Amino acid sequence: MTTITSAELQEVLPALNRFALKLTRNADRADDLVQDCVERALNKAHLFDGQNLRSWMFTICRRVFLNQIRKEKSRGTQVDIENTPESKFSAKALQEDKMHFQDVVENFSKLPLNDKVILSLVVIEGLKYDEAAAVLEIPVGTVRSRLSRARAKLVELMEDEGVEEGTSLAAVV
Amino acid sequence: MTQPHYLIREQDLHAYIDGELSKPRRRAVERFLADRHLTLERAIELFRTNLGLHRYREKFYEDQELKTEVERLLKKHRCAGNEPPHFENVMMHNRG
């Protein structure tokens with residue numbers, strides 16, 4: 001059985017903290033997320049393959065965060081930017097979030113219809129790539145490329161500058 | 001045991017955000033992200049963009065042309081014997 005030592009955990013924590021902070025954009029939430037990750041990692045240590053603790057912890061962090069988002073959505077308790085107390089979300093983070101989401105709304109409308117449709121089907125409605133391919137009657141690979149182009153275009157519009165795309169990001173790991 | 005090598009491209013990052021990767025490829029992307037700060041930032045930006053798209057769903061469908069087309073395609077999806085997509089369920093639940 002694989003064991004995780006305290007020293008190994010300590011080594012991973014700074015990177016995990018940064019990752020959690022970038023996901024949540026709030027120090028308190030990031031602390032809670034890291035705490036949940038560490039608890040889960042220790043409880044599930046027997047599932048760790050002993051190879052790359054950092055990568056495994058990132059996986060846990062991403063899953064815990066996604067679960068939190070899904071629970072918030074299914075309970076209908078999405079973050080209310082206007083009314084959430086500052087003790088939970090800092091004013092600066094709220095303002096940044098609000099501006100970010102306004103940017104999403106504003107720039108989404110500038111996309112061509114085809115881009116809006118693929119983003120709506122997969123990102124908003126939650127169709128799997130193969131399901132979107134079936135209704136659009138196109139190959140899954142086309143969904144994959146069309147979606148990445150559409151979302152990259154949206155992010156590019158929001159950044160108002162060029163973004164790395166395609167082979168420029170390619171690397172072998 | 002030697003791990004297989006994967007070529008990670010922009011599309012893999014998007015598929016990772018959408019939860020569409022096989023387990024080995026997902027791990028490869030996570031290894032890739034863990035070692036590259038800038039790409040991690042990009043992944044988070046894409047992820048936050050997804051959250052923005054979820055949050056303002058109704059606003060996007062004020063575009064009648066888009067709404068009509070998406071409804072047509074979702075109807076086609078259901079007529080093929082599929083369950084309504086996950087997020088549609090969530091929205092219906094929230095409305096109830």
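**View 1. Helix 2 of chain B, end to end.** Helix 2 of chain B covers residues 23–35, and its 13 residues reach 19 Å from the first C-alpha to the last, close to the 18 Å expected at 1.5 Å a residue. Keep in mind that this is a predicted model. Quite a few side chains here are tucked away: the buried residues of helix 2 are B:R26, B:A28, B:V29, B:E30, B:R31, B:F32, B:L33 and B:A34.

**View 2. Chain B as a whole.** Zooming out a bit, chain B has six helices and one strand, and along the sequence they follow the pattern β-α-α-α-α-α-α. Buried residues make up 50% of the 96 residues in the chain. The accessible surface of chain B comes to about 5,200 Å², with 51% of that belonging to carbon and sulfur atoms. Of the contacts in chain B with a separation of 6 or more, 40% are between residues 24 or more positions apart.

View 3. The mean pLDDT of chain B is 78, with 82% of its residues at 70 or more. Confidence is highest in helix 5 (residues 64–79), at a mean of 94, and lowest in helix 6 (residues 86–95), at 40. Over residues 88–96 of chain B the pLDDT is below 50, though this stretch still has 17 contacts in the model beyond near neighbours in sequence. Where pLDDT is low, the predicted coordinates should not be read in detail.

View 4. B:R57 sits in helix 4 (residues 57–60) of chain B and A:E125 in the loop between helix 5 (113–124) and helix 6 of chain A, so the pair joins two chains. B:R57 is buried at 8% relative accessibility, and A:E125 is buried at 0%. B:E58 joins in too, as A:E125, B:R57 and B:E58 are linked in a network of salt bridges.

View 5. B:K76 is partly exposed at 28%, while A:E137 is exposed at 62%.

**View 6. A salt bridge within chain B, B:D12 to B:R9.** The closest N and O atoms of this pair are 4.0 Å apart. B:D12 is buried at 4% relative accessibility, whereas B:R9 is partly exposed at 37%.

Conventions:
Residues are numbered from 1 along each chain as its sequence is written. Chains are lettered from A and ligands numbered from 1 in the order in which they are written. This is a predicted model: local features need pLDDT of at least 70, side-chain atom pairs count only at pLDDT 80 or more; totals for chains, interfaces and linings use all residues. Side-chain values use heavy atoms; hydrogens and water are left out. pLDDT is the predictor's confidence in each residue, from 0 to 100. Helices (H or I, at least four residues) and strands (E, at least two) are DSSP runs, numbered from the N terminus. Contact means heavy atoms within 4.5 Å. The expected span of a helix is 1.5 Å times one less than its number of residues. Buried means under 20% relative accessible area, exposed over 50%, partly exposed in between (1.4 Å probe, protein chains only). Accessible areas come from the Shrake-Rupley method with a 1.4 Å probe; for residues, only the protein chains shown count as cover. A salt bridge is a side-chain nitrogen of Lys or Arg within 4 Å of a carboxyl oxygen of Asp or Glu.
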